[in-house]
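This briefing goes through one protein model, topic by topic. Keep the sequence and the 3D view at hand while reading.

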Amino acid sequence: MALLIDDSCINCDMCEPECPNEAITMGEEIYEIDPALCTECVGHYDKPTCVSVCPIDCIDPDPEHAETPEELKYKYQVITGKV
């Protein structure tokens, strides 16, 4: 599933540059993750880098965008043109 940044985000700027799919951008008040671009780093890394660098653990699975590992891998292939 895609990831979601909750409202405890302090805008520390750690997550945005780490996202290999450029899925993280600054929203109106806090950073946001585009579920269409988030693959939880499948295809790039073993685990989501945004979660690894977040100092306050405000990045969680997005229950509204549940995806299987196979779906995440396919999305990675589409985004990177490796289909």
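## Salt bridge

Lys75 and Glu67 form a salt bridge, in which the closest N and O atoms are 3.0 Å apart. The model is a predicted one.

**The charged pair**

- The count of salt bridges in the model comes to 1.
- Lys75 counts as buried, with a relative accessibility of 11%.

**Overall fold**

- The protein has 2 helices and 4 strands.
- Read from the N terminus, the order of these elements is β-β-β-α-β-α.
- The radius of gyration is 12 Å, close to the 12 Å that the globule rule gives for 83 residues, so the protein is as compact as a globular protein of that length.
- Along the principal axes, the C-alpha atoms fill a box of roughly 35 × 25 × 25 Å.
- Of the 83 residues, 31% are buried.
- Among contacts between residues at least 6 apart in sequence, 67% join residues at least 24 apart.
- The protein exposes about 5300 Å², and carbon and sulfur atoms supply 51% of this area.

- How many disulfides does a search of the whole structure find? The search finds 0.
- A disulfide needs two cysteine sulfur atoms within 2.5 Å.
- For Cys12, the closest cysteine sulfur is in Cys54, 5.9 Å away, which is too far for a bond.
- For Cys15, the closest cysteine sulfur belongs to Cys9, and at 6.1 Å this is also too far for a bond.
- Is Cys15 buried or exposed? Cys15 counts as buried, at 7% relative accessibility.
- Cys12 is partly exposed, with a relative accessible area of 31%.

- Asn21 sits in the loop between β1 (3-5) and β2 (24-26).
- With Thr39, the contact is polar and runs from side chain to side chain, at 2.9 Å.
- With Leu37, a polar atom of the Asn21 side chain lies 3.1 Å from the backbone oxygen.

- Most residues other than glycine have a negative phi.
- Glu40 has a phi near 55 degrees, a positive value in a residue other than glycine.
- Where is Glu40 placed? Glu40 is in the loop between β3 (31-33) and α1 (49-53).
- The relative accessible area of Glu40 is 22%, and this residue is partly exposed.
- Asp57 also has a positive phi, near 55 degrees, and is a residue other than glycine.
- Asp57 belongs to the loop between α1 and β4 (59-61).
- Asp57 is exposed, because its relative accessible area is 58% and exposed means over 50%.

Terms used. Residues numbered from 1 in each chain as written. Predicted model: local features only at pLDDT ≥ 70, side-chain atom pairs only at ≥ 80, totals over all residues. Heavy atoms only, no water. Buried < 20%, exposed > 50% of the residue type's maximum accessible area, 1.4 Å probe, protein only. Polar contact = N/O pair within 3.5 Å; in protein donor to acceptor, adjacent residues only side chain to side chain. Rg over C-alpha atoms; globule rule 2.2 N^0.38 Å. Contact = heavy atoms within 4.5 Å. Areas by Shrake-Rupley, 256 points an atom, 1.4 Å probe, with all protein chains shown as cover. Salt bridge = Lys/Arg side-chain N within 4 Å of Asp/Glu carboxyl O.
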